[in-house]
Amino acid sequence: MTYEETIDYLFKSAPVFEKIGAAAYKPGLGTTMALDEHFGHPHRSFKTIHVAGTNGKGSVSHTLAAILQAAGHRVGLFTSPHLVDFRERIRVNGEMISEQEVVDFVARHRSFFEPLHPSFFELTTAMAFWFFKKQDVDIAVVEVGLGGRLDSTNIITPLLSIITNISFDHTQFLGNTLEEIASEKAGIIKAGVPVVIGESNNHTRPVFARTAFAKGAPLIFAEDDPIVVGNLGKDSDSPAYVVNLRVDRGKRFGENRLAYVLRGDHQMKNANTILWACELLREKGWIDELSNIRDGFAHVCEWTGLRGRWELLRQHPTVVCDTGHNVGGWEYLSQQLRRQECHTLRIVFGMVDDKDIDTVLGLLPSDAVYYFTQATTHRAIPVKTVADKASGHGLHGQTYSTVPSAYEAALGDAAPDDFIFVGGSSYVVADLLENVVF
């Protein structure tokens, strides 16, 4: 099979959550364990960092990978979902797995895995660990796919666990309360393995504390002793934003500011989580120089291929896209959109069917011009439904059957000093990046 035929085979033969939703979800680690044994337990051949959380885990994972690359390590990075190319999920030192490696993996092992009927994510996890062993990585940053306790990645025993935050998402699988969701995420906490919690609240903190105590896992709540203070500010000398560090902490990093190429409001808390993780990685000898941290923050997109985090696509008019797709993400995005200094704010918007669209719509600015659309996934909420629900929140605009057509309409209407935002779903951003040249 060619690479294109192989990817088509994977999407059609293995249930894909990103495409069909709940029908693709397989709780339990039985299939993952069978795959792991078949491949000779490859994850035991390298060290790992495990990253879970409702929002921010992609940014945290990519930035830590960049920092470890700067420290001279050979670094695997496993994330999901991809935006344009399946191979984005599996990288070594920023380079995607080759098309031929994907083809060879499926061709050589399909006779074993087909009778198991693995989910797409179970198979992708096995491929990632197999590839990382083959590439002789020193360490891999592994992002949880969904939840934690029953996630396919949870066969690893990492040297560090990270849980970024907890908010309502995937409640049909993880529970209807913050305590239940936190319990599922806390499932990645391992005996004796340090865990950094980026954000907590009165509902989630006791869950993490109980689990860590029971496992004998050293626990750090990053928000209790913040390294990052204040808001991200624009650095006039570069396209990056500035992370301001607390004076006494900043001395340990060589200065009181770090340039961070990721520019969303939520990145301030992600940065604090990352820096606490770096404190532990320095103690363990994985980061030698403070310059490793500064370089990783400044070059994360360039070195790891991260996209879609308040990503500036063009100017005059300004066009930004962001993969924020749930209430927790939009609590930050809505405020950032309201602060944009522009003539007219134009928003290209669509969502998928397992998200709390009514709450998100209630967060959106009412003075924007909307271009409602739907992504090319079966899980997309029909554009007419999106527009009808938006109308109930006082949000009005035109409907478009595709993301590119909605974006082109917004661009055609825009003056040079307008601001165009594209988002609401990772799949909306994916359709934009795959079909529009910037």
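Mentor: Start with a helix pair. In α1, the residues Y3, T6, I7, Y9 and L10 meet E99, V102, V103, V106, R110 and F113 of α5. By class, that contact of α1 with α5 has eight nonpolar residues, one polar and two charged.

Trainee: What makes E99 and R110 in this contact count as charged?

Mentor: The charged class consists of Asp, Glu, Lys and Arg. E99 and R110 are both in the α5 part of the contact, and the contact has two charged residues.

Trainee: How do you know how far to trust the model?

Mentor: The model is predicted, and pLDDT gives the predictor's confidence in each residue from 0 to 100. The mean for the chain is 90, and 91% of the residues reach 70 or more.

Trainee: Where does pLDDT stay under 50?

Mentor: Over residues 17-24, for which the model has 27 contacts beyond four places in sequence. Where pLDDT is low, the predicted coordinates should not be read in detail.

Trainee: What makes the chain as compact as a globular protein of its length?

Mentor: First the inventory: the chain has 17 helices and 17 strands. Its radius of gyration is 21 Å, close to the 22 Å that the globule rule gives for 438 residues, so the chain is as compact as a globular protein of that length. Along the principal axes, the C-alpha atoms fill a box of roughly 55 × 55 × 40 Å.

Trainee: Why are α11 and α12 called roughly antiparallel?

Mentor: The axes of α11 (residues 267-283) and α12 (residues 290-304) come within 11 Å and cross at roughly 150 degrees. The cut-off for roughly antiparallel is over 145 degrees, and the pair is therefore roughly antiparallel. Their crossing is right-handed.

Trainee: Which residues of α11 and α12 meet?

Mentor: A271, I274, L275, C278 and R282 on the α11 side, with L290, I293 and F297 on the α12 side. The residues of that contact of α11 with α12 divide into seven nonpolar, no polar and one charged.

Trainee: What makes α4 oblique to α11?

Mentor: Helix α4 (residues 57-70) and α11 have axes that come within 10 Å and cross at roughly 40 degrees. Roughly parallel needs an angle under 35 degrees, so α4 counts as oblique to α11. The crossing of α4 and α11 is right-handed. From α4 the contact takes S59, V60, T63, L64, I67 and L68, and from α11 it takes Q267, N270, I274, A277, C278 and L281. These divide into eight nonpolar, four polar and no charged residues.

Trainee: How do you know that I220 touches W276?

Mentor: Contact means heavy atoms within 4.5 Å. W276 is in the list for I220, along with V195, V196, I197 and L280, leaving out residues up to four places away in sequence. I220 itself is in strand β8 (residues 219-221).

Trainee: What makes the bond from S80 to P81 cis?

Mentor: Its omega is near -10 degrees, and the bond is cis. P81 lies in the loop between β2 (75-78) and β3 (90-92). The bond from H316 to P317 is also cis, with omega near 0 degrees. P317 sits in the loop between β12 (311-314) and β13 (318-322). Most residues other than glycine have a negative phi, and most peptide bonds are trans.

Trainee: What makes N93 worth a remark?

Mentor: N93 is not a glycine, yet its phi is positive, at about 45 degrees. N93 lies in the loop between β3 and β4 (95-96).

How values were computed: Residues are numbered from 1 along each chain as its sequence is written. This is a predicted model: local features need pLDDT of at least 70, side-chain atom pairs count only at pLDDT 80 or more; totals for chains, interfaces and linings use all residues. Side-chain values use heavy atoms; hydrogens and water are left out. Axes are lines fitted to C-alpha atoms, for helices over the stretch in contact, and angles run from 0 to 180 degrees between N-to-C directions. Helices (H or I, at least four residues) and strands (E, at least two) are DSSP runs, numbered from the N terminus. Angles under 35 degrees count as roughly parallel, over 145 as roughly antiparallel, 65 to 115 as roughly perpendicular and the rest as oblique. A crossing is left-handed if the near helix is turned anticlockwise from the far one by less than a right angle, and right-handed if clockwise. The radius of gyration is taken over C-alpha atoms; the globule rule is 2.2 Å times the number of residues to the power 0.38.
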